[in-house]
Amino acid sequence: MQQAAPGGRADPLAPLVGVEAADAQDPTTGLALTGVLLVGDQKRAIVTTPNGSGVICVGADGRCGADAPLLLPTGWSVLSIDVAGGCIRFALNDEPQDPFCIA
């Protein structure tokens with residue numbers, strides 16, 4: 001018989017209390033990269049932007065589903081997410097940008 005795991009944090013995207021943050025901040029987009037993860041076979045990045053906090057995925061607007069909130073500024077898209085390296089790569093108006101990684 002499996003035991004239930006204890007409940008998690010009320011807001012999993014909230015900063016951890018008493019932990020030094022290693023988030024990366026991108027001055028161009030105003031985006032903070034908190035983490036990267038693999039959900040099934042979909043790569044995701046946990047971010048905070050001027051539009052809110054949440055997850056982004058590879059694609060034209062970075063949304064992980066049609067009903068997901070739009071977090072990236074207009075014109076930005078996600079080209080790739082490197083889970084092992086902790087990096088994401090954006091494009092601005094289809095122009096690839098340098099990779100953006102967690103320090």
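Modeller: To begin, this is a predicted model. A disulfide joins Cys87 to Cys101, with an S to S distance of 1.9 Å.

Colleague: Which hand does the link of Cys87 and Cys101 have?
Modeller: The link of Cys87 and Cys101 is right-handed, with 105° about the S-S bond. The pair links distant parts of the chain, 14 residues apart: Cys87 sits in strand β6 (residues 87-92) and Cys101 in strand β8 (residues 100-101).

Colleague: Is Cys87 buried or exposed? And what about Cys101?
Modeller: Cys87 counts as buried, at 14% relative accessibility. Cys101 counts as partly exposed, at 31%. The cut-off for buried is under 20%, so Cys87 falls within it.

Colleague: How many disulfides are there in total?
Modeller: The count comes to two disulfides. Another one joins Cys57 to Cys64, with S to S 1.9 Å. The link of Cys57 and Cys64 is right-handed, with 100° about the S-S bond.

Colleague: And how accessible are Cys57 and Cys64?
Modeller: Cys57 is buried, with a relative accessible area of 1%. Cys64 is partly exposed, with 22%.

Colleague: What pattern do the disulfides follow along the chain?
Modeller: Counting bonded cysteines along the chain, the pattern is 1-2, 3-4.

Colleague: Back to β6. Which way do β5 and β6 pair?
Modeller: β5 and β6 pair in the antiparallel sense, over six bridges. In that pairing, Ser77 stands opposite Ala91 in β6.

Colleague: What is in the turn between β5 and β6?
Modeller: The hairpin of β5 and β6 has four residues between the strands, and Gly86 there takes a positive phi near 70°.

Colleague: How many bridges join β6 to β8?
Modeller: Two bridges join β6 to β8, and the strands run antiparallel. Ile88 stands opposite Phe100 in β8.

Colleague: New topic. What does the largest nonpolar core look like, and which residues have the most contacts inside it?
Modeller: The largest nonpolar core has 13 residues, and those with the most contacts inside it are Leu31, Ile56, Ile88 and Phe90. At least two residues of this core come from each of β2 (31-39), β3 (42-49), β5 (76-82) and β6.

Colleague: Which strand gives the most to this core?
Modeller: β5 gives the most, with three residues. As a general point, nonpolar side chains in soluble globular proteins tend to be buried together.

Colleague: You mentioned Phe90 as part of the core. How many aromatic pairs does the structure hold?
Modeller: The structure holds one aromatic pair. Trp76 and Phe90 form it edge-to-face, 5.8 Å centre to centre and with 85° between the planes. This pair links distant parts of the chain, with Trp76 in strand β5 and Phe90 in strand β6, 14 residues apart.

Colleague: Are Trp76 and Phe90 buried or exposed?
Modeller: Trp76 counts as buried, at 8% relative accessibility. Phe90 is buried as well, with a relative accessible area of 1%.

Technical notes: Residues are numbered from 1 along each chain as its sequence is written. This is a predicted model: local features need pLDDT of at least 70, side-chain atom pairs count only at pLDDT 80 or more; totals for chains, interfaces and linings use all residues. Side-chain values use heavy atoms; hydrogens and water are left out. A disulfide is a pair of cysteine sulfur atoms within 2.5 Å. Buried means under 20% relative accessible area, exposed over 50%, partly exposed in between (1.4 Å probe, protein chains only). A nonpolar core is a set of buried Ala, Val, Leu, Ile, Met, Phe, Trp, Tyr and Cys residues joined through side-chain atoms within 4.5 Å. Two strands pair if DSSP finds at least two bridges between them. Rings of Phe, Tyr and Trp (its six-membered ring) pair if their centres lie within 6.5 Å; planes under 30 degrees apart count as stacked, over 60 as edge-to-face and the rest as tilted.
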